[in-house]
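Thanks for coming. I will go through one structure today, starting with the overall build and then turning to the ligand.

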Amino acid sequence: MARIVFVNGEFVSEDEAKVSIFDRGFLFADAVYEVTPILDGKLVDWQGHFERLKRSLTELNITIDFSEKYLLDLHRKIINKNKLNEGIVYLQVTRGAADRDFVFENTLKPSLIIFSQSKEIIKPLLVNKGLSVMTSQDIRWQRPDIKTTQLLAPSLLKMEALSKSMDDVWMVKDNRITEGTSNNVFIVDSVGKIITRSLSHDILGGITRAVILKVAKESGLEIEERSFTLEECYSASEAFITSSSIFIRSVVRINGKLIGKGKSGEIVGSLISAHLEYCKSHLT
Ligand code: PDD
């Protein structure tokens with residue numbers, strides 16, 4: 001069934017949704033986005049996603065006059081119109097449309113699109129099949145902390161992993177892991193300490209990452225935010241990734257080498273439960 005999507009002020013069927021060919025999002029990837037998970041027909045951690053959207057817009061100097069209430073209301077309408085119970089809502093703001101030019105006016109009217117994708121989030125979590133990843137050079141632009149739609153590098157890297165029967169790529173910069181193609185990465189050392197790269201211009205500040213660190217701390221787990229090498233990954237007892245569309249997933253193989261016991265471990269198991277509890281109490 002055709003979805004109802006939101007495009008620049010209107011709800012329309014997905015077959016009728018149109019944006020200008022001159023939209024700078026289309027011509028220059030001059031756009032930012034958010035992916036908010038939906039559980040039980042409600043938004044998970046809306047506040048975190050809205051705050052990050054504001055940050056991304058500020059970094060690109062895109063000024064919007066949509067209020068938080070307006071955007072939240074649109075998300076709820078998209079959920080209701082599409083009877084979405086579990087999945088994600090995608091929002092994209094572009095700088096707007098203008099004849100193609102590297103120079104832009106600051107007076108452009110930003111475009112706003114929102115659509116939903118129905119997707120199982122909880123079931124794969126419970127199955128928790130361990131993933132297999134490969135590593136590759138981080139070839140993205142130098143500001144992946146801004147959630148822009150410049151996603152060709154991660155998309156091509158992910159395709160390369162799939163062509164080699166692996167699930168994803170962990171990207172490497174200066175011999176240190178940055179992040180997955182669309183997720184933050186963590187390892188657990190031999191004494192149970194969780195290690196994840198600290199926030200900087202090199203990685204996206206994941207909303208799920210922040211919640212995982214919070215619930216891990218509350219569960220008494222030790223955390224260290226710092227860069228780590230591939231060798232450290234190989235000697236880790238567990239490894240995992242986090243994102244809004246998958247929550248948490250164990251990584252059990254890196255470049256063909258088994259991590260820990262080669263299956264999802266205890267720490268990931270406890271984080272899955274603690275994170276789900278958190279999500280259920282932060283629904284909007
Ligand atoms: N991706 N790092 C990158 C490069 C990402 O693209 C994402 C999310 C994350 C995790 O962020 P969060 O926990 O806020 O989802 C980290 C989304 C889900 C996507 O592009 O579909």
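How many helices and how many strands are there in the protein? Before I count, please keep in mind that this is a predicted model. The protein has eight helices and 15 strands. Its radius of gyration is 19 Å, close to the 19 Å that the globule rule gives for 284 residues, so the protein is as compact as a globular protein of that length. Along the principal axes, the C-alpha atoms fill a box of roughly 55 × 40 × 35 Å.

Where does the ligand sit? It is in the largest pocket.

In total, 18 residues surround the ligand, and the closest are Tyr33, Arg52, Glu179, Thr208 and Ser244. By type, the shell divides into 10 polar residues, four charged and four nonpolar.

Next, some individual contacts. Tyr33 has a polar side-chain atom 2.6 Å from an oxygen atom of the ligand. For Arg52, a polar side-chain atom also lies by a ligand oxygen, at 2.7 Å.

How much of the ligand does the protein bury? Taken alone, the ligand exposes 480 Å², and the protein buries 89% of that.

To recap, the ligand sits in the largest pocket, with 18 residues surrounding it. That is the end of my part.

How values were computed
Residues numbered from 1 in each chain as written. Predicted model: local features only at pLDDT ≥ 70, side-chain atom pairs only at ≥ 80, totals over all residues. Heavy atoms only, no water. Near = heavy atom within 4 Å. Polar contact = N/O pair within 3.5 Å; in protein donor to acceptor, adjacent residues only side chain to side chain. Areas by Shrake-Rupley, 256 points an atom, 1.4 Å probe, with all protein chains shown as cover. 1 Å grid on protein atoms, 1.4 Å probe; cavity = no way out; pocket = protein on both sides within 12 Å on 5 of 7 lines; lining within 4 Å. Sits in = over half its atoms within 2 Å of the grid points. Nonpolar A, V, L, I, M, F, W, Y, C, P; charged D, E, K, R; others polar. Helix = DSSP H or I, 4+ residues; strand = E, 2+ residues; numbered from the N terminus. Rg over C-alpha atoms; globule rule 2.2 N^0.38 Å.
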